[in-house]
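Me: I am new to reading protein structures. Please take me through one spot closely, then through what is built around it.

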Amino acid sequence: MKVLNINPSVAALKPPPIPLVQQSAARYDGKLGPLIDLSQAVPGYATHPSLLEALKSAAGRPELLGYGDIEGETELRVAYATHVSALYQASISSSQTHITSGCNQAFSVIATALAGKGDSMLLLTPLYFNHETTLDMFGIKIKTVATQADNRFLPDIDALRMAITSDVKAIVCVTPNNPTGAIYPPLLINELFDLCAKKGIWLVLDETYRDFGPSDAAPHSLLQKKEWQDHFIGLYSFSKSLCIPGHRLGAILAGEQIIQAVTKIMDNLQICAPRPPQVAVAERLNELDAWREQNRQEILNRQKALEAVIADLPGWAIISIGSYFSYVRHPLDFSSSVEAAAYLAQQRGVVTLPGAFFGSGQMPFLRFAFANATCAELNELRGRLG
């Protein structure tokens, strides 16, 4: 095959992880029953009927076929600002929000806005692989600080402080965490913010899974700080909470100067996020709180089901669990987590992600996206993993 002259930063990227494990799953012959897919974080239940109707209606509106505002539809920005204000007991305006085509795009534009050639961003390992590959693609240097299992995979403030050098523009955190499920306590998030403020850098907090925590309380109090706009940027996805990942809607919460910078970048990427789903979500977002609470409780039930199953399996151990994910130490006799995951997919019909996808030192682990499966399906793991 002829070697093409393409961007070296892109050529060096790792292949997308999900298609790799799906290749292994395709080799499963069904001998133990239907495939149990715990790989990609997708909602394991349908969206609300009223939102589905709103999506159908919005898709047929001719006025939504043209370009919209780069920052997002006004009604969704207002609805999201209202929602966030109520959740965090703060006063957030629509001018402090920006709608993107998914949370991965939200991170991409924020990375572009904050860092340039020669700059670095701090990631915590185990890391979310799309954060890593995005920065690699843009040529932004990555510095990592390891979190430890014996500290519940929570970041150590002193370790982060030591890692911040003059080229570091931001600390990127994910809570509830992907892949470990670890949920950062409000006090720790406050300490992270204070560290960033002292160092003059940004705290970028990816809260994609915040609606599935152990309680419905606000995850932190940063938005009540007068100076939050100077050092904090929040990322969010409507995909999991509203069960619409195919519609690709994410959101950025930031000060107006950051929103203005993101608007410049978005105009060169996509101009605007898809308009019909924006309008549909705006119509229903603040009407579905009870339904979303039911879903949160269901995910907690699934968490308990997985914990009970793993407790019955000799050699298996849940190292961390929460929200959508469980980080599991496996007993399988393979030299790598990649081989272990391939075996489970091909021979046992259980699709997981290997720890190796989440950074160095993660070989003993597998990520179970347990929110994908019903409690009955999770109970099937006793026979599959035993």
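Which residue lies over the face of Tyr236, and how far is it from the ring centre?

Reply: Arg210 lies over the face of Tyr236, at 4.0 Å from the ring centre. A charge counts as sitting over a ring if NZ of Lys or CZ of Arg is within 6 Å of the ring centre and within 35 degrees of the ring normal.

A word on the source. This is a predicted model, in which local features need pLDDT of at least 70 and side-chain atom pairs count only at pLDDT 80 or more, while totals for chains, interfaces and linings use all residues. Residues are numbered from 1 along each chain as its sequence is written, and side-chain values use heavy atoms, with hydrogens and water left out.

Now the sheets. An open sheet holds 7 strands, in the order β2-β8-β7-β6-β5-β3-β4, and its pairing is mixed. On average, neighbouring strands are turned by 20° against each other, direction ignored. Strands (E, at least two residues) and helices (H or I, at least four) are DSSP runs, numbered from the N terminus. Two strands pair if DSSP finds at least two bridges between them.

Look inside this sheet. β5 (residues 168-174) and β6 (residues 202-206) run parallel and share 5 bridges. Ile171 has Leu203 of β6 as its bridge partner. Helix α6 (residues 129-138) packs on the sheet and touches β3 (120-125), β4, β5 and β6. The direction of α6 makes about 160° with that of β3. Helix α8 (residues 186-199) lies across β5, β6 and β7 (232-237), at about 150° to β6. Such angles run from 0 to 180 degrees between N-to-C directions, with axes fitted to C-alpha atoms, for helices over the stretch in contact. Contact means heavy atoms within 4.5 Å.

Thr100 has Gly250 of β8 as its bridge partner. Both faces of β2 are covered: Thr97 and Ile99 are buried on one side, His98 and Thr100 on the other. Buried means under 20% relative accessible area, exposed means over 50%, and partly exposed lies in between (1.4 Å probe, protein chains only).

Next, helix α3 (residues 49-59). Its buried residues are Leu51, Ala54, Leu55 and Ala58. Seen down the axis of α3, they fall within an arc of 100°, so they line one face. The arc is that of the directions from the helix axis to the C-beta atoms. On the other side, Pro49 and Lys56 are exposed. The buried residues of α3 pack against α10 (238-242) and α12 (275-284).

A second open sheet has 4 strands, in the order β9-β10-β13-β12, with antiparallel pairing. β9 (317-322) and β12 (353-354) stand at the edges with a single partner strand each, so one side of each lacks a neighbour in the sheet. β9 and β10 pair over 5 bridges. Ile321 stands opposite Ser326 in β10.

Back to rings. The structure holds 16 aromatic pairs. One of them is Tyr327 with Phe365: stacked, 4.8 Å centre to centre, 20° between the planes. Tyr327 is in β10 (residues 325-329) and Phe365 is in β13 (residues 365-368), 38 residues apart. Tyr327 is buried at 0% relative accessible area, and Phe365 is buried at 6%. The rings of Phe334 and Tyr343 lie 5.5 Å apart at their centres with planes at 40°, so that pair is tilted. Phe334 is partly exposed at 33%, as is Tyr343 at 30%. Rings of Phe, Tyr and Trp (its six-membered ring) pair if their centres lie within 6.5 Å; planes under 30 degrees apart count as stacked, over 60 as edge-to-face, and the rest as tilted. Tyr128, Phe129, Phe153, Tyr327, Phe358 and Phe365 form one aromatic cluster.

Last, Leu38. It is in the loop between β1 (36-37) and α3. Leu38 is buried, at 0%. Beyond its neighbours within four places in sequence, its contacts include Val350, Arg367, Phe368 and Leu381. Leu38 and Leu344 are 306 residues apart in sequence, yet 11 Å apart in space, C-alpha to C-alpha.
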